Amino acid sequence: MEMRWYQKKAVEAFWDNARRYPNDDPMLVLPTGAGKTIVMAYIIAEAVKWGMQVLVLARTKELIDQNQVKFEMCFPEMQNMTGVYCAGLGLRDYDKPIIFASVQSVCNRGELFGERKLVIVDECHQIPPNEDSQYQKLIKTIRESCKSTKVLGLTASPYRLD
């Protein structure tokens, strides 16, 4: 699957930011229908080629399934590298280089995933600022294993009303 020019720009912007600001956690904002899932797939593939392990988080089993299916459509040669950890889908993979997971299923199991250098949060506007939230607990646990973990958020609506 070929990326559109603005998707390529988004992927380049992420990697440029990662190099320039290694301690920052960026957010990519693309409008609905712009292909955030494709952008995510290309970022994941490049990260894995560099030896990184990736955890992709979402809140619904539909998004988890969509993200994995789209990734495997873009990179069929990497199908054996993906796994899913989602109670709603009845799957509990944790030892593949790329894991697509529901935050609800893994929030108290961060230690299972080892050194994940990249955590991607789909619909990141849903991350509450509360340190006791599922997202915050999980990210904290993962960073205890790997201090250099980068968290990338993707969203079409980069704001919260609360």
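**Salt bridges**

Modeller: The side chains of Asp16 and Arg20 meet in a salt bridge, with 3.6 Å from N to O; the term stands for a side-chain nitrogen of Lys or Arg within 4 Å of a carboxyl oxygen of Asp or Glu. This is a predicted model, in which local features need pLDDT of at least 70 and side-chain atom pairs count only at pLDDT 80 or more, while totals for chains, interfaces and linings use all residues. Residues are numbered from 1 along each chain as its sequence is written, and side-chain values use heavy atoms, with hydrogens and water left out.

Both Asp16 and Arg20 belong to helix 1, four residues apart, which is about one turn of the helix (helices are DSSP runs of H or I with at least four residues, strands are runs of E with at least two, and both are numbered from the N terminus). Arg20 is exposed, at 56% relative accessible area, whereas Asp16 is partly exposed, at 33%; buried means under 20%, exposed over 50%, and partly exposed in between, with a 1.4 Å probe and protein chains only.

The whole structure holds three salt bridges. Another joins Asp25 to Arg143, whose closest N and O atoms are 2.7 Å apart. Asp25 sits in the loop between helix 1 and strand 1 (27–29) and Arg143 in helix 5 (residues 134–145), so this pair ties together parts that are 118 residues apart in sequence. Asp25 is partly exposed at 38% relative accessibility, and Arg143 is partly exposed at 26%.

Glu2 also pairs with Lys8, with 3.7 Å between the closest N and O atoms.
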